[in-house]
Amino acid sequence: MPSEPNAPQTILILGGTSEAAELARDLVARHPDARVITSLAGRTRDPAPLAGEVRSGGFGGVEGLANFIRAERVTRMVDATHPFARQISANAIEAAKIAGVQLDIRTRTAWAKQPGDNWIEVETLNQARDVIPPRARVLLALGSQHIGLFASREDVHFIVRMIDPPEHPLELPDHALILGRPGDTPAVETLLLIAHSITHIVCRNSGGKAAYAKIEAARELGVPVIMVGRGD
Ligand SMILES: NC(=O)c1ccc[n+]([C@@H]2O[C@H](COP(=O)([O-])OP(=O)(O)OC[C@H]3O[C@@H](n4cnc5c(N)ncnc54)[C@H](OP(=O)(O)O)[C@@H]3O)[C@@H](O)[C@H]2O)c1
């Protein structure tokens, strides 16, 4: 339902990204009268603090999201989720129609290949796994749900970086686990690539600033990046 012209706004940010956190900070600072709610999927155990209100966990599909919008009298929804989080973005489009709220889509644009980049571009994670050369030492810069796909590459040493310790031992036969967030400068990522003698990086073309430092470090060192595209 459209809001009263001067009624306080309730803005729902579909988040889980650094851009969503920045947006929440900005909206809270610029619109002190507005209610700003960031929604997280609830996958990260100890998410960084966010400005405004935070809710966590799935809504229960399109209908659940539409119900939430109505119940909380959301006046505007912003999709600032990760570009590979396709389900929630599709749900947001449908739920916005059903509940009759404005939807702003703020999905990051993909990274463009720069001079000096050595990218092996593939369309799927399966293809990424299959193009890794034998005996490579690979920084696997992927979410934990995708790691198991690489278990069949017994001939490859994987370096996996995760924010939270895994709940179960990783299925990869030969790997090292690094706990922590990605380095925010190319210099930090360069040190990591050198320290682990990394020969290849596998990642998805997420776009955005937060994960780009490793791409710049790879360019600097001439390390090939097996880049999974978005398929669009
Ligand atoms: N995919 C990635 O590589 C990636 C990387 C970094 C951060 N993230 C963040 O992690 C979250 C989950 O990503 P995903 O790829 O698993 O998403 P997805 O496949 O698009 O979503 C799967 C289900 O998770 C719930 N969900 C996802 N994002 C949500 C949110 N912000 N608030 C409430 N529920 C949410 C929804 O459940 P219901 O249908 O029950 O509502 C959705 O149907 C997203 O918020 C995304 O921004 C994802």
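This report looks at the ligand shell, the aromatic pairs and the charges over rings in a predicted model.

## Ground rules

Residues are numbered from 1 along each chain as its sequence is written, and side-chain values use heavy atoms, with hydrogens and water left out. Because the model is predicted, local features need pLDDT of at least 70 and side-chain atom pairs count only at pLDDT 80 or more, while totals for chains, interfaces and linings use all residues.

## Around the ligand

Let's start with the ligand. Helices (H or I, at least four residues) and strands (E, at least two) are DSSP runs, numbered from the N terminus.

Now for the polar contacts (pairs of N or O atoms within 3.5 Å). Ser39 puts a polar side-chain atom 2.7 Å from a ligand nitrogen atom, whereas Phe59 uses a backbone N or O atom, 2.7 Å from a ligand oxygen atom. Asn91 has a polar side-chain atom 3.5 Å from an oxygen atom of the ligand. On its own the ligand has 800 Å² of accessible area, and the protein covers 77% of that (Shrake-Rupley method, 1.4 Å probe).

## Rings meeting rings

The model has 3 aromatic pairs, meaning rings of Phe, Tyr and Trp (its six-membered ring) with centres within 6.5 Å; planes under 30 degrees apart are stacked, over 60 edge-to-face and the rest tilted. Trp111 and Tyr212 have ring centres 5.5 Å apart and planes at 45°, so they are tilted. This pair links distant parts of the chain, 101 residues apart: Trp111 is in the loop between β5 (102–105) and β6 (119–122), and Tyr212 in the loop between β10 (200–204) and α6 (213–221).

Trp111 is buried at 9% relative accessibility, and so is Tyr212 at 16% (buried is under 20%, exposed over 50%, partly exposed in between; 1.4 Å probe, protein chains only). Phe150 and Phe158 make an edge-to-face pair, with centres 5.9 Å apart and planes at 75°. Both of these Phe residues are buried.

## Charges over rings

Two arginines are worth a look here. The charged end of Arg204 sits over the ring of Phe84, 4.1 Å from its centre, and that of Arg55 sits over the Phe68 ring, 5.3 Å from its centre. To count, NZ of Lys or CZ of Arg must be within 6 Å of the ring centre and within 35 degrees of the ring normal.

Methods: A polar contact is a pair of N or O atoms within 3.5 Å; within protein, one must be able to donate a hydrogen and the other to accept it, and residues adjacent in sequence count only if both atoms are side-chain atoms.
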